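Please look over the two-chain model shown below before reading the notes that follow.

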Amino acid sequence: MRAQLRSELLKQRSTRTNLGLLAAMLGLVLFVELLHGVGLATGHLDARSEQLVTFGRGEFLGVLFAALLGALSITSEIRHGTIRPTFLVTPRRGGVVAAKVAVSMLLGAGAGLAASASAAAIGAAALGLRGIDVQLDGGDYLLLVAGGAAAAALWAAIGVGIGAVVRSQVPTVVGISAWLLFVEGVLAGDALDLGVSRFAPGAAAAAISGQDPGTLLAPALGAVLLAVYAAAVTAAGWLATTRRDVV
Amino acid sequence: MSTDGTAARRGRDLYRRPLRKPPEGSPGYPAVSVHSLTKRYGGLTAVDDLSFSLSAGTITGFLGPNGAGKTTTLRLILGLAEPTSGEALVFGRRYEELDQPARRVGAVLESNDFHPGRSGRDHLRALALAAALPSARVGQVLELVELDAPASRRVHTYSLGMRQRLGLAAALLGDPQLLVLDEPANGLDPAGVHWLRTFLRRFAASGGTVLVSSHVLAEVAQTVDQVVIIDRGHLIASARLDELAGRGHSLEATYLQLTTRGAS
């Protein structure tokens, strides 16, 4: 297992893909925090809950990019065919999936940490420039950053699981992006008011970092729920990889 | 209670290693043995009740027209696909049961199984790490396939011949006893084919076993000791090369006759 972990870490380091993802993510964090921090009217920024949501954009971007990073860790191998030598060297394929989940969670946590921390820092700086008081205390910041890292780590595992089940790179990436960027939003704003949106995995991730406590689950509950999602999806990915023939 | 500790240990050893399997590496142990191997995909039978075995130290050409089931058979042997029935064993075990498969078997199934943005050296390093092989092996196999100079370049800058050699380097990382190559000469220029032939002969001369598939007999005729010919998943012939040629026809004519029989 240690051998597989070291191999997966090297695979992640030895292409420019992750650097590109990291740069895109941080660029979007900068963009959204400046846009909101500078552009929104004071009346939309001075309350604590509004500041939590604005700074929480970092959590969202961390989650999105961590999920993509996890998904690419397996779909990229399938797309380029390196999955064949990988499984020839480690024919007990479950070990490869486990190593990909572990390494993706580690890198995903890093991405979540970077996105959440930079969002909070840029957001606070933007508010400061406009002379708006930041209402958040140390506990809020801790939850934003640590929760953002935890949410991104769990979503990275979900990404590996989805990638292992779907296998094809484009549908995997489009599916994850469509879910997080579109479906969750539709659920949250659903006219039928089914009240299920806060149990969705993207909303659970936002709950972990303490955003919007009125609508979302409590952070601990969000963490447990997202962990259950991650366990279920990675189990599906593990089963799919160990049971199906290698393409 | 028995006080004979030796007998107890022997009992445990027997339990660990079933009797029907002779000790690994013993003489006469087939490098590859395929028994009634069958693989169906839905209604299509890709491999149909196929049986053959390869003794160690030989080069075997695995021949058949396109779509005969060669690649599927190799994938079954290498544990990448699960047989519908029958079994394929490598050194007496299923591939996934080998302790350190990279040290026993090296395989190249496609000529381009690389991430284009990763260097040749990093591709090999990742595999060496996963197989827990000493990192020095990476430099050694790069030298062996004459890729040490461009090893730090990203694979997308490599020519087809360089990619073929990088694939071979990956297969050789664990210094295996068996090499399995699927259509390795595809797309190689004459110099590349010559290099490959020389390489395989040297590998076999040092005691290695080679299973090399091709749909063109002429590609492998000068290299192999024996051939296994399949068509539509069935075994057509399994013979030493000189036996095949001894029937009074040219090798190519015999091969064509065997693989087009019954075709309409």
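Which strands, in what order, form the open sheet of chain B, and with what pairing? The open sheet has six strands in the order S5-S6-S7-S3-S8-S9, with mixed pairing, where two strands pair if DSSP finds at least two bridges between them. This is a predicted model, in which local features need a pLDDT of at least 70 and side-chain atom pairs count only at pLDDT 80 or more, while totals for chains, interfaces and linings use all residues. Residues are numbered from 1 along each chain as its sequence is written, and chains are lettered from A and ligands numbered from 1 in the order in which they are written.

**Confidence**

- The predictor gives the complex an ipTM of 0.93 and a pTM of 0.91.
- Chain B has a mean pLDDT of 86, with 86% of its residues at 70 or more; pLDDT is the predictor's confidence in each residue, from 0 to 100.
- Within chain B, confidence is lowest in helix H1 (residues 5-16), with a mean of 44, and highest in helix H4 (residues 120-130), at 98.
- Residues 1-21 of chain B have a pLDDT below 50, and beyond near neighbours in sequence this stretch has four contacts in the model, a contact being two residues whose C-beta atoms, placed from the backbone, lie within 7 Å.

**The sheet of chain B**

- Chain B holds ten helices and nine strands, which are DSSP runs numbered from the N terminus (helices H or I, at least four residues; strands E, at least two).
- Strand S5 (105-108) and strand S9 (234-240) of chain B stand at the edges with a single partner strand each, so one side of each is left without a neighbour in the sheet.
- Neighbouring strands of this sheet are turned by 15 degrees against each other on average, direction ignored.
- Strand S3 (residues 59-63) and strand S8 (residues 226-231) of chain B pair in the parallel sense over four bridges, and B:Leu63 stands opposite B:Ile229 in S8(B).
- S5(B) and S6(B) also pair in the parallel sense over four bridges, with B:Leu179 in S6(B) as the bridge partner of B:Gly106.
- In a regular strand the side chains alternate between the two faces of the sheet.
- From S5(B), B:Val105 and B:Ala107 point one way and B:Gly106 and B:Val108 the other way, and all are buried; a residue is buried if 20 or more other C-beta atoms lie within 10 Å of its own, exposed if 12 or fewer, and partly exposed in between, with C-beta atoms placed from the backbone.

**Helices against the sheet**

- Helix H2 (residues 70-77) of chain B lies across S3, strand S6 (178-182), strand S7 (209-214) and S8 of chain B, and runs at about 145 degrees to S6(B); axes are lines fitted to C-alpha atoms, for helices over the stretch in contact, and angles run from 0 to 180 degrees between N-to-C directions.
- Helix H6 (residues 160-172) of chain B packs on the sheet and touches S5 and S6 of chain B, its direction making about 160 degrees with that of S5(B).
- Seven of the eight residues of H2(B) are buried, so this helix is largely enclosed by the rest of the structure; among them are B:Lys70 and B:Arg75.
- Just after H2(B), B:Gly79 takes a positive phi of about 75 degrees.

- Most residues other than glycine have a negative phi.
- B:Asp49, in strand S2 (residues 44-54) of chain B, has a positive phi near 50 degrees and is partly exposed, with 14 other C-beta atoms within 10 Å.
- B:Glu146, in the loop between helix H5 (136-144) and H6 of chain B, has a positive phi of about 60 degrees and counts as exposed, with 12 C-beta neighbours inside 10 Å.

- Between the chains, 25 residues of chain A are in contact with 29 residues of chain B.
- On the side of chain A that touches chain B, the elements giving two or more residues are helix H1 (2-13), helix H4 (57-80) and helix H5 (83-89) of chain A.
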